[in-house]
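Colleague: I am new to this one. Could you take me through it step by step?
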Amino acid sequence: MKHLFQIKEQNRDAGSSKSRISELEEELRQAHEALDRIQQEKASEDSESELKDTKAKLRIITTKFANVRKERDTLKKENRSLQSEILELQSNMRQMVPGYHNISASFPMLNEITDICSQFYKCDCQDVFFEVLGPELSMEGIVYYFRTSFSRVNDLIKAYFTPAEETLKRVIGIETLEGPIMNVLRKSYQVSWKKIYQQCVVTSSLQKIVEDIQRVLRLGDNSQSTNTQIFNFMQKLSELLFTFWIHDPPVKCGWDTVGKQVEFSSLLHDALDGFIRPGDQCIIVVPPVQKTSGEVLVRSGVLHVDYEMNI
């Protein structure tokens with residue numbers, strides 16, 4: 001009996017232990033749940049705090065962005081004003097830079113001047129040569145006509161600008177205007193070049209050149225039609241040489257080489273009439289046109305040295 005009682009007591013203690021374990025497990029579970037709730041609540045509080053910080057930072061960023069946009073708009077306005085000022089300064093600087101060809105849309109650029117000169121040589125010079133000069137004149141008379149035409153028209157243009165330029169040199173006390181001052185002057189001439197040309201080259205001046213040439217050569221028996229043709233030639237020549245004079249840098253017309261005897265080169269010369277072989281002696285009749293650097297823009301027109309014997 002005693003032994004049986006001991007077994008019951010042991011079983012009761014074992015049941016009590018199991019019950020205690022269950023209670024402890026339940027308490028542990030509840031503790032875990034409470035801990036989870038605390039952690040979730042803490043995480044929620046942290047999230048809310050972080051969200052508040054993020055919103056505050058976002059407000060600051062938005063404010064900064066708005067300020068930046070205002071600054072950008074202000075800078076855009078200032079930039080437009082500065083761009084206008086820069087364009088004006090660039091335009092003024094271009095007037096001071098040698099070789100910057102022209103600032104006026106109405107004034108022809110160098111390639112246009114070259115094309116105009118080429119057409120003048122091929123059409124007007126050859127027309128007056130074949131229709132007026134060739135049938136009547138010897139080589140000496142042909143040379144006289146072209147040399148006198150180019151030199152007299154050049155002197156006419158030079159005489160128009162020289163007084164003002166000489167006065168300017170005297171006023172500012174310098175020996176030469178070449179450089180920035182002349183660059184500005186030439187580009188200023190280009191702006192209203194057609195008006196200046198009309199003042200520079202008047203009909204009476206061209207008529208005087210025609211009369212002087214005809215007094216010597218008496219082409220076409222001094223007929224009205226011949227004089228008109230020569231006058232029209234002078235008019236086109238004067239406009240061409242005027243653009244040479246005010247181009248920046250000026251274009252050089254080698255009128256002083258007219259009448260000079262040279263060896264023919266296809267790179268430098270064009271035969272006005274007949275066939276001339278490289279190395280043959282020829283006479284320059286129509287002058288070359290060059291840049292100030294010496295580069296040939298339009299080749300000179302030449303005749304064989306014995307051309308008058310082949311007429």
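This is a predicted model: local features need pLDDT of at least 70, side-chain atom pairs count only at pLDDT 80 or more; totals for chains, interfaces and linings use all residues.

Colleague: Where is His-269 found, and which residues is His-269 in contact with, leaving aside its neighbours within four places in sequence?

Modeller: His-269 belongs to strand S3. Beyond its neighbours within four places in sequence, its contacts are Val-262, Glu-263, Phe-264, Arg-299, Ser-300 and Val-302. Contact here means heavy atoms within 4.5 Å.

Colleague: How many helices and strands does the chain have?

Modeller: There are 7 helices and 7 strands. These are DSSP runs numbered from the N terminus, with at least four residues (H or I) for a helix and at least two (E) for a strand. Along the sequence the pattern reads α-α-α-α-α-α-α-β-β-β-β-β-β-β.

Colleague: What share of the residues counts as buried?

Modeller: Of the 311 residues, 32% are buried. Among contacts with a separation of 6 or more, 71% are between residues 24 or more positions apart.

Colleague: Back to the strands. What is the order in the open sheet of 4 strands?

Modeller: The order is S2-S4-S7-S3, and the pairing is mixed. Strand S2 (261–263) and strand S3 (269–271) are at the edges with a single partner strand each, so one side of each has no neighbour in the sheet. From one strand to the next, the twist averages 50 degrees. Two strands are said to pair if DSSP finds at least two bridges between them.

Colleague: How many bridges join S4 to S7, and what stands opposite Ile-283?

Modeller: Strand S4 (residues 281–286) and strand S7 (residues 300–304) run antiparallel and are joined by 4 bridges. Opposite Ile-283 is Leu-303 in S7. Helix H3 (residues 139–172) packs on this sheet and touches S4 and S7, its direction making about 40 degrees with that of S4. Axes are lines fitted to C-alpha atoms, for helices over the stretch in contact, and angles run from 0 to 180 degrees between N-to-C directions.

Colleague: At what angle do the axes of H2 and H3 cross?

Modeller: The axes of helix H2 (residues 110–133) and H3 cross at roughly 135 degrees and come within 11 Å. The two helices are therefore oblique to each other; angles under 35 degrees count as roughly parallel, over 145 as roughly antiparallel, 65 to 115 as roughly perpendicular and the rest as oblique.

Colleague: Which residues in H2 meet H3?

Modeller: From H2, Phe-120, Tyr-121, Cys-125, Val-128, Phe-129 and Leu-133 meet Ile-142, Tyr-145, Phe-146 and Phe-150 in H3.

Colleague: Now the backbone. Which residues does a cis peptide bond join?

Modeller: That bond joins Asp-248 and Pro-249, with omega about -5 degrees. Pro-249 sits in the loop between helix H7 (224–246) and strand S1 (252–253).

Colleague: What is the phi of Arg-218, and what is that of Asn-222?

Modeller: Arg-218 has a positive phi of about 50 degrees although it is not a glycine. Asn-222, also not a glycine, has a positive phi of about 60 degrees. Arg-218 is in the loop between helix H6 (203–217) and H7, and Asn-222 lies in the loop between H6 and H7 as well. Asn-222 counts as partly exposed, at 29% relative accessibility.

Conventions
Residues are numbered from 1 along each chain as its sequence is written. Side-chain values use heavy atoms; hydrogens and water are left out. Buried means under 20% relative accessible area, exposed over 50%, partly exposed in between (1.4 Å probe, protein chains only).
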